[in-house]
Amino acid sequence: LGRNLHYHDSVESTQKNAYKLAYDNAEEGTVVIAEEQTAGRGRMDRKWHSPKYTGIWMSLILRPKIPIPKAPQLTLITAVGVVQAIEEVTGLLPEIKWPNDILINGKKITGILTELQAESDRINSIIIGIGINVNTGIEDFPEDIRTIASSLAIESEKIIDREKLIRTILEKLEKLYLLYLEKGFFPIKLMWESYAISIGKQITARTLTGEIKGKATGITEDGVLLIEDLAGEIHNIYSADIQIEG
Ligand code: BTN
């Protein structure tokens with residue numbers, strides 16, 4: 001990963017650039033990185049605040065030969081790789097909140113956005129966007145997210161070497177991706193579960209169609225979250241915001 005690396009000082013969104021490169025058949029493993037995004041995108045059409053020199057804003061292109069319903073696995077693989085890299089470089093102990101948030105001390109440090117380019121029912125490319133608040137100061141965050149967001153520098157009280165972290169992330173992701181291609185999702189599912197905070201807890205999941213309350217019992221082979229509601233009925237959650245109740 002990252003042998004073909006596009007580095008920019010400022011872009012609207014690395015995700016947008018990578019999407020275009022993927023469309024133009026850029027090779028698998030192509031990475032787009034920027035020092036600043038002027039229109040960074042989050043999940044569910046939210047804005048992703050990406051001030052200059054403070055974070056890691058990058059998108060990468062993968063082309064696994066998997067059916068479309070298995071695409072969410074790549075989000076979980078990415079989360080595991082980023083957690084491993086953060087642990088190694090900073091000594092902090094991050095946790096994963098399904099599907100893609102990485103938290104430290106309960107605050108969001110990293111978001112992952114996965115998008116697909118597909119032709120009929122075949123995946124052409126998966127574009128994985130990773131946003132990490134690295135050396136962001138609390139005053140760099142918009143006021144409304146200061147209580148829920150944080151950065152590696154705030155949590156470790158040290159300035160973190162962004163280049164080293166980028167290299168480590170690409171190394172970890174490459175290893176996990178090769179493991180995935182060779183052995184399937186199961187070994188990575190186990191690693192993911194060891195970092196996950198939501199499993200076994202009472203949660204509320206807000207989906208586009210409504211709210212589901214219950215106990216998060218695990219994830220499926222495809223990376224879908226399972227919730228058992230009070231009536232004992234099991235729900236498959238493909239996309240939602242979740243809140244942990246206890
Ligand atoms: C989330 O909502 O948690 C996902 C945030 C993803 C942000 C990253 S930063 C690099 C890439 N480019 C974007 O515009 N978004 C993703």
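Two residues are in contact if their C-beta atoms, placed from the backbone, lie within 7 Å. I adopted this definition before opening the entries below.

**Entry 1. The model.** I noted that this is a predicted model, in which local features need pLDDT of at least 70, side-chain atom pairs count only at pLDDT 80 or more, and totals for chains, interfaces and linings use all residues. Residues are numbered from 1 along each chain as its sequence is written.

**Entry 2. Lys 47.** I looked up what Lys 47 touches, not counting residues up to four places away in sequence, and found Gly 40 and Gly 42. Lys 47 lies in the loop between strand E2 (31-37) and strand E3 (55-62). Helices (H or I, at least four residues) and strands (E, at least two) are DSSP runs, numbered from the N terminus. Is Lys 47 buried or exposed? A residue is buried if 20 or more other C-beta atoms lie within 10 Å of its own, exposed if 12 or fewer, and partly exposed in between, with C-beta atoms placed from the backbone. Lys 47 has 11 other C-beta atoms within 10 Å, so I recorded it as exposed. I also checked Lys 172, which is 125 residues from Lys 47 along the chain; their C-alpha atoms are separated by 27 Å.

**Entry 3. The domains.** The domain assignment divides the chain into domain 1 (5-195) and domain 2 (202-244); such bounds come from an automatic or database domain assignment. I found their C-alpha centres 23 Å apart. Domain 1 brings 10 residues to the contact and domain 2 brings 7 residues. On the side of domain 1 that touches domain 2, helix H2 (residues 72-90) gives the most, with 4 residues. The residues of that side are 5 nonpolar, 2 polar and 3 charged. Here Ala, Val, Leu, Ile, Met, Phe, Trp, Tyr, Cys and Pro count as nonpolar, Asp, Glu, Lys and Arg as charged, and the others, Gly among them, as polar.

**Entry 4. Helix H5.** Which residues of helix H5 (residues 186-195) are buried? I listed Ile 188, Lys 189 and Trp 192. They cover an arc of only 105° around the axis, which puts them on the same side of H5; the arc is that of the directions from the helix axis to the C-beta atoms. The face of H5 turned away from this buried side carries the exposed residues Phe 186, Leu 190 and Ser 194. Among the elements that cover the buried residues of H5 are H2, strand E4 (95-97), helix H4 (162-183) and strand E9 (210-219).

**Entry 5. The open sheet.** I traced an open sheet of 5 strands in the order E11-E10-E9-E8-E12, with antiparallel pairing. Two strands pair if DSSP finds at least two bridges between them. Strand E11 (234-237) and strand E12 (241-244) are at the edges with a single partner strand each, so one side of each has no neighbour in the sheet. The twist averages 45° from one strand to the next, where axes are lines fitted to C-alpha atoms, for helices over the stretch in contact, and angles run from 0 to 180 degrees between N-to-C directions.

**Entry 6. Pairs within the sheet.** Strand E8 (residues 202-207) is joined to E9 by 6 bridges, and this hairpin has 2 residues between its strands. Gln 202 stands opposite Lys 215 in E9. E9 is joined to E10 by 4 bridges, with Ala 216 partnered by Ile 227 in E10. In the hairpin of E9 and E10, Gly 223 takes a positive phi near 85°. Ile 227 also has His 235 in E11 as a bridge partner.
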